[in-house]
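The following note is intended for a colleague who is new to this entry. Please read the points with the sequence and the structure in view.

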Amino acid sequence: MPTWEDAVALAKRLPEVEESTSYRTPSLKVAGKSFARLRTEAEGGLVLMCGLDEKEALLASGDPAFYTTPHYDGYGAILVDLAKVDEEQLAELIEEAWRTKAPARLR
């Protein structure tokens with residue numbers, strides 16, 4: 001089961017990733033833009049930026065590791081249950097989230 005610390009380690013393999021905060025919770029940023037955030041709300045989970053099409057596909061897959069809340073309806077972010085996600089898939093999702101926010105010079 002991956003942890004927030006594992007997510008940070010995976011993200012730090014990518015250029016110019018910095019640990020920060022967003023909405024008073026731990027987050028990861030590239031070029032000052034947040035691409036991942038650990039939720040501490042009742043629903044918990046890791047928020048990862050993604051395209052709406054990718055979000056739809058992840059939710060449609062039926063994989064219990066991926067979910068959303070009404071707050072994120074229509075927004076390019078997927079919620080990931082760290083207790084249920086495979087670490088390899090998490091690494092791919094973190095890289096994709098990084099790509100959505102990283103400037104072209106880093107991609």
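Does Ile94 count as buried or exposed?

1. The model under discussion is a predicted one. In this model, Ile94 has a relative accessibility of 1% and therefore counts as buried, since the limit for that class is under 20%.

2. Ile94 belongs to helix H3, which covers residues 87–101. Beyond its neighbours within four places in sequence, Ile94 touches Ala7, Leu10, Ala11, Leu14, Phe35 and Leu48. Between the C-alpha atoms of Ile94 and Leu46 there are 10 Å in space, while 48 residues separate the two in sequence.

3. Met1 lies in the segment that precedes helix H1 (4–11). With a relative accessibility of 74%, Met1 is classed as exposed, because that class begins over 50%.

4. Ala83 is 82 residues from Met1 in sequence, yet their C-alpha atoms are 5.2 Å apart.

5. How many aromatic pairs does a search of the whole structure find? The search returns 1 aromatic pair. The pair is formed by Tyr72 and Tyr75, is tilted, and has 6.3 Å from centre to centre with 40 degrees between the planes.

6. The two members of the pair can also be described by accessibility. Tyr72 is buried, at 6% relative accessible area, whereas Tyr75 is partly exposed, at 42%.

Terms used. Residues are numbered from 1 along each chain as its sequence is written. This is a predicted model: local features need pLDDT of at least 70, side-chain atom pairs count only at pLDDT 80 or more; totals for chains, interfaces and linings use all residues. Side-chain values use heavy atoms; hydrogens and water are left out. Rings of Phe, Tyr and Trp (its six-membered ring) pair if their centres lie within 6.5 Å; planes under 30 degrees apart count as stacked, over 60 as edge-to-face and the rest as tilted. Buried means under 20% relative accessible area, exposed over 50%, partly exposed in between (1.4 Å probe, protein chains only). Helices (H or I, at least four residues) and strands (E, at least two) are DSSP runs, numbered from the N terminus. Contact means heavy atoms within 4.5 Å.
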